[in-house]
Every structure is written in structure tokens, then in C-alpha cells.
Amino acid sequence: MEAPVHASPVTLYVNGTARELVVDNRTTVLDALREQLDLTGAKKGCDHGQCGACTVLVDGLRMNSCLLFAVARDGARITTVEGLADGPELHPLQEAFLERDAYQCGYCTPGQLCSAVGVLEEMAAGRPSAVTAPEHPSGQAVPAGDTEIRERMSGNLCRCGCYVNIVRAVDDAAGAQAGAGHGGSEGGAW
Amino acid sequence: MNTADRTGEGVVRLEGRAKVTGAARYAVEHPLDGCLHAWPVPAGIARGRITAIDTERALAEPGTVAVLSHENAPRLGEPEDPELFVLQSPRVAYRGQYVALAVAETPQAARAAAAAVRLEYAAEPHDVTLTGGHPGLYAPETVNGGYPTDRERGDFDMAFAASEFRLDTRYRIPPLHNHPMEPHASTAVWEGPRLRVYDSAQGAHAVQSELAALFGLEPERITVVSEHVGGGFGSKGTPRPQVVLACLAARETGRPVKLAVPRHQMAQIVGHRAATEQRVRIGADGAGQISALAHEVVTYSSTVREFTEQAATPSRTMYASPHSRTTHRVTRLDVPTPSWMRAPGECPGMFALESAMDELAVTTGIDPVEIRLRNDTAKEPDSGHPFSSRRLADCLREGARRFGWEGRDPRPGTRAEGRLLIGTGVAASGYPVYVAPARATARAEAAGGYRIEVDATDIGTGARTVLAQIAAEALAAPLDRIRIGIGNSDLPKGPVAGGSMGTASWGWAVHKACRALLRTLAEHSGPLPEEGLSAHADTSDDVAARSDAYARRAFGAQFAEVQVDMDTGETRLRRLLGVFAAGRVLNARTARSQFIGGMTMGVSMALTEHSTMDAEFGDFAERDLAMYHVAVNADVPDVQAYWLDEEDQELNPMGSKGIGEIGIVGTAAAVTSAVHHATGVRVRELPVLPESLLPGLAEWRRPAVV
Ligand code: FES
Ligand code: FES
């Protein structure tokens with residue numbers, strides 16, 4: 001009574017390269033990356049959308065890749081932590097994470113970084129969060145700042161407790177990116 | 001020479017680039033041809049026997065390669081930890097214990113096969129509930145860490161009865177789960193007669209020796225690699241069942257096998273901090289001087305293995321206490337086996353002791369900082385030995401200054417912002433200074449530069465970097481001339497990354513090997529031989545020769561500010577500041593992260609982490625990260641850590657004390673003391689929940705002005 005395996009061909013554009021795969025339909029984007037493409041940067045912390053370790057950018061938006069079926073993402077553009085640097089040139093967020101020691105064990109770090117890339121873009125695009133002032137004009141860039149960053153980064157757990165350093169790192173990168181309109185910082189360790 | 005390379009400087013982690021680019025490979029991330037995936041099957045009863053296993057449907061799942069259980073798994077040799085004796089018997093000791101293993105071509109197939117395994121049990125009545133008067137309570141021979149179970153000094157009962165102020169309180173801490181972000185994970189490969197294992201572990205040698213016993217192999221035939229480890233917090237300090245299962249499956253199938261423990265199975269399988277009930281009694285005079293201190297701990301272990309959280313031990317060492325009683329009682333329940341979690345004993349024990357100190361301060365009307373200063377002691381009360389260094393008072397004073405403690409109105413409920421009640425609290429921190437023998441090799445390479453080898457583990461502490469700094473300093477060489485190998489059982493043996501003793505232990509061996517190498521080099525003339533020149537070091541004698549006339553301990557003080565919503569009872573941290581005295585700090589950047597990381601976990605313990613043992617099913621109710629809440633970024637707005645210079649000749653050549661655990665010690669008491677200051681409600685059972693505060697908040701609640 002061998003059950004049939006349901007598999008499908010998909011093409012994922014991962015870090016700019018087209019990758020053609022045949023996936024068991026139960027395969028998540030996370031498992032496709034880790035087990036079929038040997039891109040182990042995206043981490044599996046829970047496999048249930050509860051920790052953010054698997055965060056990648058899908059068509060420019062940050063998503064928990066453990067919650068996405070690969071078969072449903074045929075044709076998607078996916079950026080993983082391996083795709084953030086420009087050759088030997090690290091992404092400003094990667095530099096900031098090193099400088100601020102915004103990681104310890106490093107297991108949540110790829111998810112934090114991909115999430116932070118998404119956060120900076122969301123703020124620049126004027127997408128409000130739960131802590132954005134209600135009177136903030138829609139469509140205008142939301143100024144960075146500790147409260148905004150903390151709120152938006154709260155889907156990425158870090159059991160090593162690097163949060164305050166992560167906020168500093170994201171804030172540094174936001175400052176570098178935004179120049180003026182940068183919301184400034186409060187508290188933190190450094 | 002670049003002084004920034006030396007110890008003390010905030011060198012960026014050597015593996016930092018690998019970690020931020022995703023290049024660092026963890027235990028199940030090594031590409032291996034033909035690697036299979038394994039998925040464990042947990043027991044569905046809390047106690048009893050498996051009577052039948054039906055694997056037919058599981059084996060029929062496409063992609064299934066094998067299903068292992070006690071009926072067909074290879075027999076194992078006796079391990080030191082009986083938790084590792086997996087799939088050897090039909091007995092079930094706790095719900096969630098592994099009883100079978102599905103092995104398949106893909107993770108999807110393995111999971112489906114595991115779900116298709118059918119088990120029948122003969123269940124027996126179980127008991128999973130800890131009570132203060134549990135009939136099974138007994139005095140273990142020793143408690144975790146090898147400490148004595150009970151200690152008595154003076155005449156506690158007499159002194160307590162005669163005290164002007166008497167405090168008698170009980171504190172409860174629920175089970176707590178380590179939940180490192182990388183689940184416990186292993187990849188096993190049999191290469192002929194050799195076994196190669198990539199394991200997410202805090203000590204490769206510890207894994208090697210257990211696997212040697214289990215599989216009847218010479219340790220030299222086993223290589224355990226733990227190069228990058230995604231956190232552990234004690235739970236990876238001993239090998240866990242998944243590594244044995246991976247090895248069994250790889251042997252059975254003749255192919256490499258990887259196994260990552262599913263998150264929702266971790267609470268049962270990887271160890272946890274057992275719940276404790278702690279009674280603290282303090283007798284003091286009108287000046288707040290303690291004369292009598294009793295700290296009595298009740299906890300549990302599983303039926304598999306005795307583990308007794310040594311929570312009363314801080315009371316043996318923190319404060320002057322002429323008359324003292326400290327005891328531990330443990331009972332064996334049908335529950336998962338507890339084990340190490342960051343600062344075992346110290347962390348839960350100091351929640352109770354430091355909460356009681358705050359209560360004593362309130363009762364006597366003495367400032368909480370001041371009352372600790374008045375009970376400071378230059379000698380460890382229990383041993384009578386002087387401390388090799390103890391700057392608790394300086395930590396308290398410096399913390400108070402930085403935090404802005406002075407002028408604090410001690411009355412509860414006196415600060416409000418709108419509908420938020422604001423309060424501040426303080427607690428002391430402490431952690432023993434441990435050290436264990438280690439070996440290391442230092443080699444001057446013919447091509448130039450040095451190679452340092454030691455089986456240390458960097459679980460996120462920065463050990464790799466600090467050890468390279470120690471070598472650079474000992475060799476008087478720039479850091480970029482040092483190449484360091486760690487995290488591999490083929491390297492010279494080092495102890496586990498635990499007890500905050502890693503840097504002291506491995507570092508001592510590295511330091512010694514480097515010094516020996518310098519002597520060898522001085523005697524050598526001409527060019528180096530092709531294989532370079534090596535020196536080996538073993539610190540067994542040095543560690544044994546340490547004077548036992550001293551008590552060695554790190555200290556600190558933490559100050560918390562919280563806000564409590566008077567309508568909802570929600571407590572949020574506003575800021576947390578710690579000052580520590582932990583010997584010489586070897587890398588400012590990573591040390592700060594260690595302190596802050598511990599403090600952050602302490603906030604999590606105080607405000608969000610909660611686990612419940614379900615009496616009916618013998619299961620932890622909060623098994624995954626949606627149910628078991630660890631603090632998120634928005635919960636931890638402002639954490640600052642500082643440290644004082646501390647010279648101590650009685651430690652090790654680096655003059656360092658461990659810093660990995662002290663940050664979590666005392667934090668929860670600082671938070672609950674701040675909650676008391678904000679609301680007048682004393683929370684003696686963690687975590688702080690709205691339902692504990694709401695009845696007491698009515699007093700402060702003012703009608704909302706609309
Ligand atoms: S692994 Fe995807 S959210 Fe945890
Ligand atoms: S760095 Fe370890 S979990 Fe975030």
C-alpha cells in the first residue's frame with residue numbers, strides 16, 4: 001500500500017540565480033534551501049513560524065520560510081543571508097552586526113539580518129507598525145529609532161539575549177541608509 | 001604591535017564574518033552524500049510499558065528506510081547517563097521519552113513515517129506533581145555540583161526565635177526550559193570502524209566518551225565535531241538522546257543520518273530547570289544585621305536519574321549569617337529529567353534569597369542597597385575562608401550611582417505616569433569560580449605564525465576569540481598570527497563549556513602551552529623544522545595545586561525599573577543595569593554581550609517564561625515557542641552592563657572569573673522587587689503575571705479620566 005509521493009517541479013530565483021528543483025509538495029522553502037540547495041544560512045529554529053530564524057526575503061518581503069511551501073512559490077525571488085553581501089563587501093547590516101556584537105551563537109543571526117533588511121525597507125516605504133504615531137502621514141518614511149526597531153524586530157527570537165545590540169546595529173544601518181530623518185536612539189549598551 | 005589584539009580589548013569575534021554571512025555550519029548543515037533524516041517518536045504515556053509496536057504503515061510511507069525501536073535497535077553498552085540508553089527497553093519513564101525512530105530519505109518522509117508508527121502501552125498510574133510535603137521527598141547524598149545536601153552552622157532555631165525581625169517566606173519557580181535557538185542536533189557517519197559525529201554540544205570530549213561506552217568503541221575511534229553551536233545554556237552540556245539515535249540509525253542503515261530534535265519535543269528531551277519551592281527564613285536585628293538564615297529547597301527529579309538543583313547554596317556564601325541552615329530535598333516523579341540550565345542552583349536560589357533580602361529591607365525600613373552592604377562579609381560564611389576577591393559592595397554602590405538610586409522614595413506606588421505605576425528594585429548577583437584541567441597545544445609553524453589547538457567549545461560566548469587573544473598575549477604576537485582550532489574531540493582535551501569555567505580552564509592550558517612554546521623556541525636555533533615546533537600543556541597539576549584557603553566567586557548588582565499598568569496588570573521592563581566584578585575581563589565586546597545576554601534571560605524568567613506540568617497527562621503544557629514565551633526584542637528595551645577592575649592573583653594566569661552565567665543571577669529578584677515598589681504587591685511565584693497583581697492594584701487604581 002505504498003502511497004504516492006506528490007512532487008512538483010519549481011523554479012526559485014535564489015540570490016539572483018535560477019534554481020530548478022523537483023520538490024516533494026510537503027517541502028517548505030526552508031527545507032528546499034537547506035536540504036536541496038545546500039544553502040544552510042537560513043536556520044530552522046522551530047519549523048512552526050514561532051522564532052524567525054528562517055526569515056528570508058521573498059519578492060522583497062521578509063517571511064518565515066518554514067511556513068511557505070516551495071511548490072506554492074514557483075518563480076519567487078528569494079534572498080537569503082548568503083545573498084546579502086556584495087561579493088566580499090558585506091551589507092551595512094552585516095558590518096553593523098559585527099561592530100555591535102549583535103550576535104553570540106549566531107543561530108538567530110541570519111534571520112535577524114534578513115528581517116532587518118525588510119524592516120529598513122518597510123520603514124523607508126512608510127509602512128506603519130504598532131508603535132508608529134497614529135498621526136504619522138501614510139506613505140512617508142517612518143523614522144527609525146529604538147522603539148520602532150524593537151517592535152519590528154520582535155518576530156525574531158534571540159535566546160542569547162542580543163536584543164539591545166541588535167537594535168543598535170539596525171539603528172546604525174538605518175542611520176547610514178537614511179541620513180537625515182533618522183530617529184536617534186535611547187538606552188542600549190554601547 | 002597592535003595592542004588591540006591583546007586581552008582586555010574588544011576584538012570582533014573571529015568567526016563573526018562566517019556567522020553573519022551564513023557560512024558557519026552547524027551540526028546538521030554538513031553536506032554528506034546519501035544522508036538520511038531521522039525523526040523521533042515520543043512516548044504517549046507518562047509511565048508504563050510498551051506492549052506493541054506496529055511499524056507497517058510507517059515502513060510503507062514512501063521514502064522510509066527504517067523504523068527503530070527497542071524491538072530491533074542494536075544493543076548498547078551502559079552509558080554514564082541512563083537518559084542515553086535509548087530504545088533498549090519497553091519501559092516508559094516519562095511522557096515524551098523517545099520510544100522509536102523513523103529514518104527516511106527526506107525530512108518530510110521521516111516526519112510522516114514517525115507519525116505513522118502505532119504504539120500500544122500498558123499504562124501505569126503516574127505522579128508528576130511536586131508538592132511541599134510530597135511523601136517521596138528525601139535528602140540526596142549530594143546536590144548538583146557535588147555540594148553537600150544540608151549544612152548547619154550555629155543554632156538557627158534559637159537565633160531565629162530571638163531575632164527582633166523575623167521573615168518567613170516561600171518562593172516558587174516553575175519549570176524553565178533552556179530553548180537554545182538551535183535545537184539539539186546531530187549528524188552521524190560511520191566510516192568503517194570509525195564514527196564521525198557533528199553534534200550540537202557544549203563539549204565534544206564529553207560526547208565522545210559517552211558514545212565510546214554506548215557503542216563499545218575506543219574513544220580514539222570517535223571524532224565529535226562541535227565547531228559552531230547555536231546556544232545551549234547548559235542543556236547541551238551533556239550528550240542528549242538525539243546523538244545516540246543518530247549514531248544508531250547510521251549504523252543500522254549504513255548511511256549518514258541527521259537528526260534535529262523538533263522544537264516541540266525539546267522540553268521533554270533536553271533537560272530543563274526543575275521547579276523549586278524554596279522557604280527562606282531570616283532573623284535580623286533592628287539594624288538589618290542578619291543573625292539567622294535558613295534556606296530550604298524542595299524540588300524533583302525524574303525516575304531515570306537523580307538531579308537536585310542546588311538552590312540553597314547561594315545562602316551559604318552571600319551574606320554574613322552566624323546561624324544558618326541550608327537544605328535540599330528531592331522527590332522522584334514520572335517527569336522528564338531536569339538538568340543544567342544557565343546558573344543552576346545560583347539562579348533560582350538567588351531569586352529566593354534576594355527577594356527575601358528585599359522583603360527584609362521593607363520590613364526593617366532599611367534601604368535595599370544599604371541592607372546588603374550591612375551584611376557584606378569578607379569571609380565566606382559556610383567555609384570560613386576569605387574570598388580571594390569580593391567587590392559586591394563596590395558593585396552595589398557603583399550600580400546605585402549609575403542607575404540613579406539615591407533619593408528613591410521607598411514607599412510603594414509613589415511614582416506614576418498616567419496609568420502606569422513605576423518602581424525600581426535591586427538584587428545582588430553571584431557565581432562561583434570554577435576551573436577544570438585542560439590540555440592544549442601551541443605550534444610555531446614553519447611558514448610563520450602559530451597554531452593553537454584545544455577542544456574548547458564556543459556556544460556563543462566568544463571563547464574562540466578570547467583564547468586566541470590569550471595566545472597572542474602569551475606569545476607576544478599579533479592576533480592575526482594566531483590560528484586556532486577548537487570544537488573537535490581530536491584536539492587536546494578540554495572540559496565542557498559550562499559552569500562559566502571555559503575561559504579559565506581552556507585559557508590556562510593555552511597560556512601554559514604558549515609559554516612552553518616560547519621556551520622551546522628560545523632553545524631552538526636555525527630555521528623551524530617543516531612540521532614546526534610544538535609545545536603541549538596539561539593543567540591538571542596546576543589546577544590541583546590551587547590553594548584551597550580561599551573562596552572564589554564573582555559578584556554583581558542589578559538594578560531594574562519596571563512599569564505596571566494599573567488597569568491590566570501588565571508589567572514591562574523599562575531598564576536594567578548591572579555592575580559586575582568578575583576578575584579581569586578579557587574581551588570587552590564579548591564580555592558585555594555575555595552579561596547582557598544573561599540579564600536578558602533573567603528578565604525573561606521574571607516576566608514571560610512559564611511552564612506547567614499537566615498532572616493528568618504528565619506533559620509540559622508549554623512545549624513550543626508559541627506557548628513558552630521567551631522575551632522578545634520589545635520586552636527588553638534597555639539593558640546595560642558595566643564591570644569593575646578586579647585584580648585577583650588566586651584565580652589563573654589570566655586573572656579571570658567566569659562571566660557566562662552571573663548575568664542571570666539575581667535579575668528576577670531585581671524585577672519582582674521593582675514590581676513591589678511599583679505596586680506594593682510581592683510576587684513570590686514566577687513569572688510575574690497580571691492575575692497576581694490585579695487584586696493588589698485596586699488600591700492604586702484611579703478612575704480613568706476620559
Ligand atoms: S524556523 Fe521558521 S519561524 Fe522558526
Ligand atoms: S545569537 Fe544566539 S540566539 Fe541569537
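The following legends describe close-up views of a predicted model. Residues are numbered from 1 along each chain as its sequence is written, and chains are lettered from A in the order in which they are written. Local features need pLDDT of at least 70 and side-chain atom pairs count only at pLDDT 80 or more, while totals for chains, interfaces and linings use all residues; side-chain values use heavy atoms, with hydrogens and water left out.

**Figure 1. The contact between chain B and chain A.** Chain B contributes 66 residues and chain A 59 residues to the contact, where contact means heavy atoms within 4.5 Å. The buried area is about 5000 Å², and carbon and sulfur atoms give 54% of this area; buried area is the accessible area (1.4 Å probe) that two parts lose on being put together, summed over both. In chain B, Val20(B), Met181(B) and Asn633(B) lose the most area to chain A, together 16% of what that side buries.

Figure 2. Eight salt bridges are counted between the two chains, a salt bridge being a side-chain nitrogen of Lys or Arg within 4 Å of a carboxyl oxygen of Asp or Glu. One salt bridge joins the side chains of Glu29(B) and Arg34(A), at 2.7 Å from N to O. Helix H14 (588-607) of chain B is among the elements that each supply at least two residues of the side touching chain A, and H14(B) gives the most, with 10 residues. Helices (H or I, at least four residues) and strands (E, at least two) are DSSP runs, numbered from the N terminus.

**Figure 3. A salt bridge within helix H4 of chain A.** Glu148(A) and Arg152(A) form a salt bridge in which the closest N and O atoms are 2.7 Å apart. These residues are separated by about one helical turn because they are four residues apart in helix H4 (residues 146-152) of chain A. Over all chains, the count comes to 64 salt bridges.

**Figure 4. Backbone features in two loops of chain B.** Most residues other than glycine have a negative phi, and most peptide bonds are trans. The peptide bond from Leu686(B) to Pro687(B) is cis, with omega near -5°. Pro687(B) lies in the loop between helix H15 (667-679) and helix H16 (690-697) of chain B. Leu87(B), although not a glycine, has a positive phi of about 55°. The loop that holds Leu87(B) runs between strand S3 (64-69) and strand S4 (91-92) of chain B.
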